[in-house]
Amino acid sequence: MKSAILLVIVTAFTLCGDYLIKLASERTNGMHSTMFLLGAVFYGLPAFGWFFLMRSHSLAAIGVLYSASTMLLLAALGVFAFNESFGLREGLGLSLAIAAVLVMSQSG
């Protein structure tokens with residue numbers, strides 16, 4: 001349970017970082033904005049969570065779950081916050097990510 005909470009926190013920090021960097025990218029001086037700096041900080045914070053997750057889980061297992069959850073949330077963020085399109089390619093990609101999570105969750 002502790003690992004699941006930590007993974008949610010790591011994913012949330014990454015999502016915040018992506019959101020801030022996307023906002024910064026829409027500005028002329030984006031790389032020099034506070035949003036970019038904060039986004040970079042939010043990207044760095046998950047390293048602490050990854051450290052503790054790697055102590056008790058394989059990199060493959062947490063990597064697949066993290067990547068899939070991040071992709072799902074980023075797709076939703078793109079559609080709802082930035083009015084980006086969501087087509088067949090995106091749907092197929094997210095379906096494959098979910099399939100990867102299901103495969104990796106099977107005990108072998």
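This is a predicted model: local features need pLDDT of at least 70, side-chain atom pairs count only at pLDDT 80 or more; totals for chains, interfaces and linings use all residues.

Reader: Which residues of helix H4 are buried?

Author: Helix H4 spans residues 59–82, and its buried residues are Ile62, Gly63, Tyr66, Ala68, Thr70, Leu77, Gly78 and Phe82. Just after H4 comes Asn83, with a positive phi of about 55°.

Reader: Now a single residue. Does Thr11 count as buried or exposed?

Author: The general idea is a cut-off: buried means under 20% relative accessible area. Thr11 has 5% relative accessibility, so it counts as buried. Thr11 sits in helix H1, residues 2–25.

Reader: What does Thr11 touch, leaving out residues up to four places away in sequence?

Author: Thr11 touches Tyr66, Ser69, Thr70 and Leu73.

Reader: Next, a helix pair. At roughly what angle do the axes of H2 and H3 cross?

Author: For reading such an angle, under 35 degrees counts as roughly parallel. Here the axes of H2 (residues 34–44) and H3 (residues 46–56) cross at roughly 5° and come within 5 Å, so the two helices are roughly parallel to each other.

Reader: Which residues make that contact?

Author: H2 brings Phe42, Tyr43 and Gly44, while H3 brings Pro46, Ala47 and Phe48. Sorted by class, the contact has 5 nonpolar residues, 1 polar and no charged ones.

Note on methods: Residues are numbered from 1 along each chain as its sequence is written. Side-chain values use heavy atoms; hydrogens and water are left out. Axes are lines fitted to C-alpha atoms, for helices over the stretch in contact, and angles run from 0 to 180 degrees between N-to-C directions. Helices (H or I, at least four residues) and strands (E, at least two) are DSSP runs, numbered from the N terminus. Angles under 35 degrees count as roughly parallel, over 145 as roughly antiparallel, 65 to 115 as roughly perpendicular and the rest as oblique. Contact means heavy atoms within 4.5 Å. Ala, Val, Leu, Ile, Met, Phe, Trp, Tyr, Cys and Pro count as nonpolar, Asp, Glu, Lys and Arg as charged, and the others, Gly among them, as polar. Buried means under 20% relative accessible area, exposed over 50%, partly exposed in between (1.4 Å probe, protein chains only).
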